Amino acid sequence: MITKTTLIWLAVGVGALLGLLCAPAQARNDDRQYEVQIHRTTPDGQTHDATTYICMGPKQFAKPSKRLTGPRCQGQAFTLTDDALSWTAACDAAKGQGQWSFSHGGKTFEGRSVIDTPQGRTTTKVEGDAFGTCDL
């Protein structure tokens with residue numbers, strides 16, 4: 001038999017679960033250690049796969065490493081919102097765009113960039129998973 005107390009605890013549990021599931025995906029506001037899978041196709045058609053470990057916080061997400069974004073312009077701007085990082089390259093050295101999407105409260109991200117350079121097109125795909133904290 002279900003008692004009133006059991007129903008109340010069940011409602012509290014469902015409410016807490018919904019709160020976790022509906023929490024917005026956000027870029028991390030603290031420094032996290034990420035394992036990042038990088039898959040890059042270079043202008044000569046070769047593919048390069050790599051795994052890197054990198055400490056990233058708000059400053060690093062606002063301007064990530066070139067090894068994660070591919071070719072870009074000097075002084076290029078990046079737009080960081082709660083659940084995405086995007087950029088557009090528009091100079092002689094690089095033309096194209098990229099975007100990463102964050103999920104699980106910023107603990108994971110995935111994205112892609114397609115950049116054309118004088119040497120040809122570079123496509124970069126990344127998948128990152130946080131596995132701990134770090135100090136920058």
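Visitor: In what order do the seven strands of the open sheet lie?

Guide: The order is 2-1-7-6-5-4-3, and the pairing is antiparallel. Strands here are DSSP runs (E, at least two residues), as are helices (H or I, at least four residues), and both are numbered from the N terminus. Two strands count as paired if DSSP finds at least two bridges between them. This is a predicted model, in which local features need pLDDT of at least 70 and side-chain atom pairs count only at pLDDT 80 or more, while totals for chains, interfaces and linings use all residues. Residues are numbered from 1 along each chain as its sequence is written, and side-chain values use heavy atoms, with hydrogens and water left out.

Visitor: Which strands are the edge strands?

Guide: Strand 2 and strand 3 are the edge strands, each pairing on one side only. From one strand to the next, the twist averages 15°; axes are lines fitted to C-alpha atoms, for helices over the stretch in contact, and angles run from 0 to 180 degrees between N-to-C directions.

Visitor: How many bridges pair strand 5 with strand 6?

Guide: In a regular strand the side chains alternate between the two faces of the sheet. Strand 5 (residues 95-103) pairs with strand 6 (residues 108-117) over nine bridges, in the antiparallel sense. One point of reference is Q97, whose bridge partner in strand 6 is V114.

Visitor: How many residues lie between strand 6 and strand 7 in their hairpin?

Guide: Two residues lie between strand 6 and strand 7. Strand 7 (residues 120-133) runs antiparallel to strand 6, joined to it by 10 bridges. R112 has K125 as its bridge partner in strand 7, and D116 stands opposite R121 in strand 7.

Visitor: How many disulfides does the structure hold?

Guide: A disulfide is a covalent bond between the sulfur atoms of two cysteines. The criterion used is a pair of cysteine sulfur atoms within 2.5 Å. The structure holds two. With the bonded cysteines of the protein chain numbered in sequence order, the pairing is 1-4, 2-3.

Visitor: Which cysteine is joined to C55?

Guide: C55 is joined to C134, with an S to S distance of 1.9 Å. This pair links distant parts of the chain, 79 residues apart: C55 is in strand 2 (residues 47-56) and C134 in the segment after strand 7. The link of C55 and C134 is right-handed, with 85° about the S-S bond. Both C55 and C134 are buried, a term for under 20% relative accessible area, with exposed being over 50% and partly exposed in between (1.4 Å probe, protein chains only).

Visitor: What does the disulfide of C73 and C91 tie together?

Guide: The S to S distance from C73 to C91 is 2.2 Å. C73 lies in the loop between helix 3 (66-69) and strand 3 (78-80), and C91 in the loop between strand 4 (84-90) and strand 5, so the pair ties together parts 18 residues apart in sequence. The link of C73 and C91 is left-handed, at -100° about the S-S bond. C73 is buried, with a relative accessible area of 12%.

Visitor: With which residues is Q76 in contact, leaving aside its neighbours within four places in sequence?

Guide: Contact means heavy atoms within 4.5 Å. On that basis Q76 is in contact with W87, T88 and A89. Q76 is placed in the loop between helix 3 and strand 3, and is buried, with a relative accessible area of 10%. A polar atom of the Q76 side chain lies 2.8 Å from the backbone nitrogen of C73.

Notes. A polar contact is a pair of N or O atoms within 3.5 Å; within protein, one must be able to donate a hydrogen and the other to accept it, and residues adjacent in sequence count only if both atoms are side-chain atoms.
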